Amino acid sequence: MRALVTGGAGLIGSHLCEHLAARGDEVVVIDDLTSGRRENLAAVESSPGFRFVEASIFDESALAGAIAGCGEVYHLAAAVGVRMIVDRPVHTLETNIAGTERVLRAALAAGAPVLLASSSEVYGKSVAVPFQEDADMVLGATTRARWGYACSKAVDEFMALAFARELGLQVVIARLFNTVGARQTGRYGMVLPRLVRQCLGGGPMVVYGDGSQTRCFADAWDVSAVFPRLLGHPGARARVFNVGNDREVSIMALAERVRARVDPGCEIRCVPYAEAYGPDFEDLQRRVPDLTRLRALLGEVPMRELDAILDGVIAYARATPE
Ligand SMILES: NC(=O)c1ccc[n+]([C@@H]2O[C@H](COP(=O)([O-])OP(=O)(O)OC[C@H]3O[C@@H](n4cnc5c(N)ncnc54)[C@H](O)[C@@H]3O)[C@@H](O)[C@H]2O)c1
């Protein structure tokens with residue numbers, strides 16, 4: 001089997017490439033390295049048939065060349081991170097909407113099934129936790145830039161399901177919750193690598209809001225292990241699955257757990273969201289996946305404990321300057 005991973009040099013994509021190579025796939029990556037790093041692929045560079053195409057998914061001939069002969073497509077390339085969304089909304093919307101359309105069209109032409117990496121952002125401001133896949137989206141006003149990302153991922157889902165229904169493309173949608181691990185950059189606003197690097201640098205560690213907001217963190221290795229199982233499962237076709245960890249932790253507790261491991265004397269400073277992301281920024285208090293559907297299809301989904309995840313992220317940050 002040859003498999004294409006768009007965005008394969010990123011956090012989740014690079015771990016996915018390792019799973020695919022381990023099962024014997026020839027892995028092809030297309031990535032423009034906007035937020036990914038070539039070094040992330042060190043473990044698969046020498047695996048048989050591995051190919052790296054440094055190009056954007058907007059480059060139609062590069063995309064067609066990369067997809068040729070592939071029996072599966074994992075579409076992960078996207079503009080990600082709150083910082084990116086707030087600072088570069090045009091880039092975010094174009095990459096996530098027009099870019100996904102190109103990948104779906106290329107996959108249709110190649111006859112290859114597609115796994116689409118979507119986001120729990122599509123639940124928006126819903127307070128109906130845990131979030132169930134068929135629940136309503138509750139999105140904020142279009143004047144607030146952050147909802148553009150949520151909308152772009154929702155449009156991706158609509159588009160993938162439309163390609164399935166109308167054109168017969170085989171698709172599955174993985175709606176990801178916070179996914180972390182070694183290799184994640186903190187440059188675009190991802191909370192865990194940012195807190196870890198702030199603490200390693202002597203602080204202060206900056207928590208936005210009062211830190212009572214909660215998230216559920218899953219490890220990129222565990223999350224990406226689910227993808228080939230979903231794409232290969234006949235019961236997953238044209239369906240949406242929450243993928244993540246359902247154990248909740250407040251951002252303040254997360255900061256405290258990082259601090260206890262790295263530097264117990266480090267200051268944790270709370271900063272209003274408005275100061276960090278501008279006056280029109282809205283955040284969400286809780287975001288918890290309902291994993292019933294995923295468990296029913298795949299059985300138990302192995303999800304690492306947060307302490308083990310933190311150890312890995314801290315060790316990586318110590319060894320790798322940003
Ligand atoms: N990490 C999370 O918490 C999380 C949560 C929800 C959804 N997701 C989704 O998972 C996917 C992977 O995210 P990640 O956390 O690994 O982020 P990442 O930034 O590490 O990976 C994204 C990759 O896409 C590449 N890319 C961006 N634009 C591109 C383009 N035009 N052409 C080719 N490559 C391009 C980047 O260089 C990067 O390597 C994304 O679709 C993201 O929306 C991630």
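Colleague: What makes you say that helix α2 lies across β1, β2, β3 and β4?

Modeller: In this predicted model, helix α2 (residues 60–67) lies across β1 (2–6), β2 (26–31), β3 and β4 (72–75), where contact requires C-beta atoms, placed from the backbone, within 7 Å. Its direction runs at about 170 degrees to β2, an angle taken on a scale from 0 to 180 degrees between the N-to-C directions of lines fitted to C-alpha atoms, for helices over the stretch in contact. Helices (H or I, at least four residues) and strands (E, at least two) are DSSP runs, numbered from the N terminus. Local features need pLDDT of at least 70, side-chain atom pairs count only at pLDDT 80 or more, and totals for chains, interfaces and linings use all residues. Residues are numbered from 1 along each chain as its sequence is written.

Colleague: How do you know that β6 and β11 pair?

Modeller: Pairing calls for at least two DSSP bridges between two strands, and β6 (residues 171–176) and β11 are joined in the parallel sense by four bridges, so they count as paired.

Colleague: Why are β3 and β11 called edge strands?

Modeller: The open sheet has seven strands in the order β3-β2-β1-β4-β5-β6-β11, with parallel pairing, and β3 (51–54) and β11 (240–243) each pair on one side only.

Colleague: Which residues come nearest to the ligand?

Modeller: Of the 29 residues around the ligand, Gly7, Gly10, Ser35, Gly36 and Ala78 come nearest, and a residue counts as near when its C-beta atom, placed from the backbone, lies within 6 Å.

Key. Contact = placed C-beta atoms within 7 Å.
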